[in-house]
Amino acid sequence: MQIINDIHKLNEPCCVALGFFDGTHTGHRRLLLSMKEHAEKNGLLPCVFTFSASPCAALGKAESRALQTFDQRIEGIKAYSGAKLCFAVDFVKYREITAKDFIDDILIDKLGAKAVFCGFNFRFGKNAAGDTALLRERCARYGAEVFVTDPVCSGGETVSSSRIRRLIAGGKVFEANSLLAKPFSIGGVVVHGKENGRTVGIPTLNQPLPEGFVVPRFGAYASFAVIEGKRYRAVTNIGVRPTVSGQGVNCETHILEPIDGELYGKEVLTELLWFERDERKFADLGELAAQIHRDIDHINELKIYEMYKQTA
């Protein structure tokens, strides 16, 4: 899939999916897979139109914190859409374009869209004035079909990125993961920390949370550390490490299985599986280590790792 950071005129008719697709959750997947199937059946070039960064962040909205880095989001789009082209453009550059001009100038004139796919609550254009009704009405003038994906529901509520953010912020990662159909993950380079864990036999990988990322509830989690494509059982603490007077929000992971080689400077994906307990300050490192061992015993009793491996 080719990533394009600006709009240019295509030389063949396309099928385009519209959306930000943060999390590439089950609702996003239904939309992207529908677009892929339609493109294949009708001989259209499959494309995705998205933004390089969150429009909510540019507008200073509270719900701007991301579920995925840009690379993770693009990987999810690629996996489910079959898109040959992904237009990942700068929202600020296009925020003043009217809804009408977005349809006429971008979708129809430049992209040559013959079929457009979006979610039921899709809004677009200056001040988010455009909706699915306008999209259908105006595209029909040009002979372009519009397919609006119905909401996907779970537990009586619509699956959405904002709902998943709330669950993660509340520590309900097990429920969030069911909506994502995969574990919520934090990716990043392993950096040097204070190495206090080594002194009590619990060495950890330290990863600062990516900038602009959703912040999970502070506390201990069952997790997998994904290193070079292999999953390792682990426990992770998200928080400020009050026992050792830590600074800044950090993702600190202790791997429970043998692993060869040094990991500093390497990319590790930390998948959060289960919220075990809140972060708290302990009297000393020994007391913290004892609690971590109790956490591990309880997580093993619940068979959390086995549960995820069965669905991987």
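This is a predicted model: local features need pLDDT of at least 70, side-chain atom pairs count only at pLDDT 80 or more; totals for chains, interfaces and linings use all residues.
Residues are numbered from 1 along each chain as its sequence is written. Local features need pLDDT of at least 70, and side-chain atom pairs count only at pLDDT 80 or more.

Helices and strands are DSSP runs numbered from the N terminus (helices H or I, at least four residues; strands E, at least two). Helix α5 spans residues 99–110 and helix α6 residues 132–141. Their axes, which are lines fitted to C-alpha atoms over the stretch in contact, come within 10 Å and cross at roughly 45°. That makes α5 oblique to α6 (under 35 degrees is roughly parallel, over 145 roughly antiparallel, 65 to 115 roughly perpendicular, the rest oblique). Contact means heavy atoms within 4.5 Å. From α5, Ala 99, Lys 100, Ile 103, Asp 104 and Leu 107 meet Leu 134, Leu 135, Arg 138 and Cys 139 of α6. These residues divide into 6 nonpolar, no polar and 3 charged.

An open sheet holds 6 strands in the order β9-β14-β11-β12-β13-β10, with antiparallel pairing. Strands pair if DSSP finds at least two bridges between them. β9 and β10 (205–208) are the edge strands, and each pairs on one side only. The twist averages 35° from one strand to the next. Strand β9 (residues 184–189) is largely enclosed by the rest of the structure, because 5 of its 6 residues are buried (under 20% relative accessible area, 1.4 Å probe, protein chains only). β9 is joined to β14 (residues 267–278) by 6 bridges. Here Gly 187 has Leu 269 as its bridge partner. Strand β11 (residues 219–227) is joined to β14 by 8 bridges.

Conventions: Side-chain values use heavy atoms; hydrogens and water are left out. Axes are lines fitted to C-alpha atoms, for helices over the stretch in contact, and angles run from 0 to 180 degrees between N-to-C directions. Ala, Val, Leu, Ile, Met, Phe, Trp, Tyr, Cys and Pro count as nonpolar, Asp, Glu, Lys and Arg as charged, and the others, Gly among them, as polar. Buried means under 20% relative accessible area, exposed over 50%, partly exposed in between (1.4 Å probe, protein chains only).
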